[in-house]
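I am opening a notebook on this structure. My entries follow what I looked up, step by step.

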2 protein chains.
Amino acid sequence: MSRPDLAAALKGLAERFGDRLATGEPVREAHCQAPAWLPRHPPDAVVFAHSRDDVIAAVRLCAEHSVPVVPYGTGTSLEGHVNAPHGGICLDVSGMDRVLAVDADDGTATVQPGVTREALNRRVRDLGLFFSVDPGADASLGGMASTRASGTNTVRYGTMRENTLALEVVLADGRVVRTGGRARKSASGYDLTRLFVGAEGTLGVITELTVRLWPTPECTGSGVCSFPTLDAAVRTVVDAGHLGLALARIELLDPTTVRACNAYSALDLPETVHLFIELHGDEAVVKDHAARFGELALDHGGLQFAWSTVAAERARLWQARHDAWWAVHALFPGRSGIPTDVCVPVSGLAEIVAATEEDVAASGLDAALVGHVGDGNFHLLIMIDPDDPAAVRRAAQLTERLNLRAIAMGGTCTGEHGIGQGKAAVLPAEHGEAVHTMRAIKQALDPAGIMNPGKIIP
Amino acid sequence: MSRPDLAAALKGLAERFGDRLATGEPVREAHCQAPAWLPRHPPDAVVFAHSRDDVIAAVRLCAEHSVPVVPYGTGTSLEGHVNAPHGGICLDVSGMDRVLAVDADDGTATVQPGVTREALNRRVRDLGLFFSVDPGADASLGGMASTRASGTNTVRYGTMRENTLALEVVLADGRVVRTGGRARKSASGYDLTRLFVGAEGTLGVITELTVRLWPTPECTGSGVCSFPTLDAAVRTVVDAGHLGLALARIELLDPTTVRACNAYSALDLPETVHLFIELHGDEAVVKDHAARFGELALDHGGLQFAWSTVAAERARLWQARHDAWWAVHALFPGRSGIPTDVCVPVSGLAEIVAATEEDVAASGLDAALVGHVGDGNFHLLIMIDPDDPAAVRRAAQLTERLNLRAIAMGGTCTGEHGIGQGKAAVLPAEHGEAVHTMRAIKQALDPAGIMNPGKIIP
């Protein structure tokens, strides 16, 4: 990489973008996120792009002067994806927020990258369609594609990997490529769509996406059930999978989280492992499958399975799950949450969760665990005093230990948050020799190394 | 690429492989396939690999002497994937046919690349599981991953893209990489699994795969219905998708194919467009959804919808679909079939099929059309006299016209057969500037260009 000439880049960007180039500290700070144990590096400036041509112009100017480009959607990623450890320009595409086309027959939408998932869902709701991928935040679709986001209903509808059909990407030299198409499948050429999905902006900037939409289910059933042990809950999930029950969501809360929810939402749940399920289908299917799930749960020692297809009652049953994030924060006032996630084969879930609960206890830290258990994916929210460097260090160690354990079990150090800067050091432990292949691809597509440097590739 | 030294490579291979190196013409010929309008180029020799170490040794020797490597499973691909226009060594991995592990709880199987889909299904059947991807042939899983194969039940279960979780690949320099893992999802690093799936052996040789298995449905319902027009059939399919009916297969036969089946199997179907459907679920769902499909079909003018959940009756109803390939060949004795496939957004299917039927009529050729209509994917089987060069030329032109029309409609020049040598010339029309990106990746991973040269990248 040539020596960056930031001043020259800023001069060119100021000419092109005028007051859509911001260099003030508040804006720069607002465009920065880093894991607790890594230093925050706000970008040197922020460019607000309103069009593909804006993106091309900004990338070309940065390329010309060897200045890093950090793409930015809503800034809701969690592993320092928008930190700027090598400085450079944050390219904010949140203003590119138009839904360009919706095709109800084909179940596709083509959008600009700044469209958020909730905005898209508001747009397509009246067509009887919905966009399924639902990370916690109301993230932008460009960012969700870039981090290969998923969420609670992946078990039924897949992640951004399965739900992104086509992309338009501005490469590191300003050229534009279009990948994929609107057909459901293709055997034509290298799967560049899947290469850019999850590349976290290190190979280019997404300027357009075509995503899949699903028919809104005729009927939704929500249920909740407590279990005497984690293993009992996991066995129920595995058996439900074998039966092909129409589960769209299967969420697990650990006892700490349940306790937090009881306090936060004035609930009265037994403070043990709980599963929250959602079934999608027509009414007969939902009723039948809810009953069968209840029988399975009972067989495994589950208690108090309650379920409903009525909206108000469904909301009440799922309240603990919906409030979990805030409830855990409220349980530990003054603390900050450090979120992490891993994913393992479902059969290993009980083992890794048990080992993790032991690790948490041994660390002397407080943490809550919430899982998208149908996929073997779970989150640990470690609640620390942010001003206690020793606690931050222990949280980092706990996270690393969890990552390595998931990898050793045939899983991955992140099911949905991504690698970013926070987990780049773990990449070789998971991928071994394949990291060289990733590096070769990075080198081939971004030889100057200007696209979001310091992310993914260690 | 350095000048290949075939003699030196053959000497080294003979030392390493003994009588597992074959240079006789019958073996070389048996390992060659090319589209009708392209010259056949059998490889210079065939190596029968029995292990990953065999593959590494063969690839290293070929790399050392700049000799092309053409990976080979069952040789059932259709676009000249195993033709050797630049000569070189065919690496036959069909002897690597062991199922290494099956995990019923996780629904995964890890296999060597020579395991065929039917062999895997025999192995897992008693566990209540099945492997879903079903191209016509009993292809090897390594080849199916390499060509991003799919088949009739993709509409429900996905293609090899969705069903391949992890790979082991020997790269062009003999290094081994492992991609992916057994977890259902991951946001960790570039998606190399999806890069090698569909790379047609141009980036490396697959030596191990982990694939997804699905629970065998409790109940399967099969049905058939005739339609007055193609458009009526397609509208029925689109509406069924909106209703979320549990369709696992939706196959379309055009009137020519139906006529062929009537003659071949002594059936009495009206010689018009037909849909063959299959529903998977529990008995109540299958019965309910079959009834709803029947109502939809009726609304669109469909006639004589018949369906059953009884195995013998299901086989009878689907006989025309099962026999279609042979029936069409029998309808045109002495002719050879040239198969091609494209895929478009489902909403465009009626239009492109109608236009294609016109093109076929204008070409003076005979052709039959069969579609995996739930995905917008269809096959044209052009029946020509193989000794008539003018007919071969017209078939090539008809195919190209079809490819370009599918691309112009937002689709792809191949839904499941792949690019191989046969469609490499069309790649730029579909992918534009992105072909340069594909070439950059090829160059990064195989700088000497020895892996299956002449395929995919024009």
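**Entry 1: the sheet.** I start with a term: two strands pair if DSSP finds at least two bridges between them. With that I looked for sheets in chain A of this predicted model. I found an open sheet of four strands in chain A, in the order S1-S2-S4-S3, with mixed pairing. Which strands stand at the edges? They are S1 (21-22) and S3 (69-72) of chain A. Each has a single partner strand, so one side of each is left without a neighbour in the sheet.

I then checked one pair. S1(A) and S2 (residues 45-48) of chain A run in the antiparallel sense, joined over two bridges. I picked out Ala22(A), whose bridge partner in S2(A) is Val46(A).

**Entry 2: helices on the sheet.** What lies across these strands? I looked at H1 (residues 6-17) of chain A. H1(A) lies across S1, S2 and S4 (89-92) of chain A. Its direction is at about 30 degrees to S2(A). Next I took H3 (residues 52-64) of chain A. H3(A) lies across S2, S3 and S4 of chain A, and runs at about 170 degrees to S4(A).

**Entry 3: a helix pair in chain B.** I turned to H14 (residues 349-363) and H15 (residues 389-408) of chain B. Their axes come within 11 Å and cross at roughly 160 degrees. That makes H14(B) roughly antiparallel to H15(B). The crossing is right-handed. I listed the residues that meet. H14(B) brings residues including Ile352(B), Ala355(B) and Val360(B). On the H15(B) side I noted, among others, Leu398(B), Leu402(B) and Ala406(B).

**Entry 4: the two chains.** How is chain A superposed on chain B? A rotation of 180 degrees does it, with 0.0 Å of shift along its axis and an RMSD of 0.0 Å. That is the relation of a two-fold axis.

I went on to the contacts. In chain A, 75 residues are in contact with 75 residues of chain B. Several elements give two or more residues to the side of chain A that touches chain B, among them H9 (230-243), H11 (283-299) and S9 (176-180) of chain A. Which element gives the most? H17(A) does, with eight residues. I also compared the two sides. 100% of the interface residues of chain A are also interface residues in chain B, so the copies meet through the same surface.

**Entry 5: confidence.** Last, I read the scores. Chain A has a mean pLDDT of 96, and 100% of its residues reach 70 or more. The model scores ipTM 0.97 and pTM 0.98.

Note on methods: Residues numbered from 1 in each chain as written. Chains lettered and ligands numbered in written order. Predicted model: local features only at pLDDT ≥ 70, side-chain atom pairs only at ≥ 80, totals over all residues. Least-squares fit on C-alpha atoms with pLDDT ≥ 70 in both. Contact = placed C-beta atoms within 7 Å. Axes fitted to C-alpha atoms, helices over the stretch in contact; angles between N-to-C directions. pLDDT = per-residue confidence, 0-100. Parallel < 35°, antiparallel > 145°, perpendicular 65-115°, else oblique. Left-handed = near helix turned anticlockwise from the far one by under 90°.
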